[in-house]
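Please read them with the model open.

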Amino acid sequence: MHTFGIIGPGAVGAVIAETLQDSGYDVTLLGRKTGKVQIKRAGISASTILPVKALSQTLTAFDYLFIAVKGTQLEGILPFLPQVTDKKSICILCQNGHGQLERFTLPNTYQAVVYISGQKKEQVVTHFRDRTLILPKNDATTMLQQAIADSKLDLQLHDQYLYDLWYKLLVNLAINSVTALSRNTAIILKEAKVRQLCRKLLHEGITIAAAEGIDFEEDIIEEIMQIYDGYPPYMGTSMYYDIMNQQPLETTYIQGYLYQRSQAHSLDTPCLDTVYSLLVASEIKNEKD
Ligand code: NAP
């Protein structure tokens, strides 16, 4: 039987672990320390409790390893990867953003575009919706798809995977920037100036994508605005919750990645340059703090 390790017992990792375990797969959920995590769903009283094993104490090479920590937490897990993988292991990085894969030296590592919506508070994960991961199509990911075929994890292998990755990057770009910097929820989309800023950020994002060889039609701007309009006004984004909870922001791999590509192509992206600078500035701490 294949073995599945999942690093990061948070919103994404716990849902992946639960989904695979429900179908009888051999799953180990790995966290900072040994413990447990509870998974709940709104309006449903039944919940699942999954055991969590300390990553640092695990010396098992898994056939498939899902990595579902935040981009800002990669530093803490990279040193442990040699003890939970071997040269045949297939690793799936489940994170928003782009550019993180450059930090991995393992041969079979792929980044999934993640459509799993949830939130972790203390040791409780609330799963809101979706269980979809999108990956590039190749021999390794096809093996994974076959290995989990009996589960409810919706693993999609797309020929146009880079388009999907950039689409998610664009969706994250505007709404994460404006909610984090305003420290306010999706209610800010009622303000015309905020909507205009989102459109400008998306336009700049499309320009950067085009320079990278990923072509989007301009009408995806309104398509993404419609996605934002589907958010309940009280809903935050991951960057909004991170800034409100004084947690590190995943700026480096979202706005930072786009900024770096914009600079590399000498593009004029004033809105991106401004929000990126302000997000970086928001994390500079005074020495006495
Ligand atoms: P999360 O709920 O904060 O979960 C991250 C988990 O990783 C936490 O349980 C954390 O433990 C654990 N962790 C951190 N450092 C670790 C270490 N050194 N060793 C072992 N475990 C460690 O984050 P998430 O929401 O699942 O997000 C994961 C990625 O998916 C992010 O890139 C995010 O942007 C992306 N994403 C999230 C969603 C969503 O709806 N949540 C949707 C799409 C994409 P502690 O709790 O102890 O810190």
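1. The contact (heavy atoms within 4.5 Å) takes 17 residues from domain 1 and 16 residues from domain 2.

2. Basis of the numbers. This is a predicted model, where local features need pLDDT of at least 70, side-chain atom pairs count only at pLDDT 80 or more, and totals for chains, interfaces and linings use all residues. Residues are numbered from 1 along each chain as its sequence is written, and side-chain values use heavy atoms, with hydrogens and water left out.

3. Buried area is the accessible area (1.4 Å probe) that two parts lose on being put together, summed over both. For domain 1 and domain 2 it is about 1500 Å², with 56% on carbon and sulfur atoms.

4. Which side chains meet in a salt bridge? Lys70 and Asp242 do, at 2.9 Å, N to O. The count between the domains is one salt bridge. The rule asks for a side-chain nitrogen of Lys or Arg within 4 Å of a carboxyl oxygen of Asp or Glu.

5. Thr141 lies in helix H4 (residues 139-147); helices are DSSP runs (H or I, at least four residues), numbered from the N terminus. Thr141 counts as buried because its relative accessibility is 0%, and the cut-off is under 20% relative accessible area (1.4 Å probe, protein chains only). Leaving aside residues up to four places away in sequence, Thr141 touches Tyr110, Leu135, Pro136, Leu155 and Leu157.

Methods
Helix = DSSP H or I, 4+ residues; strand = E, 2+ residues; numbered from the N terminus. Buried < 20%, exposed > 50% of the residue type's maximum accessible area, 1.4 Å probe, protein only.
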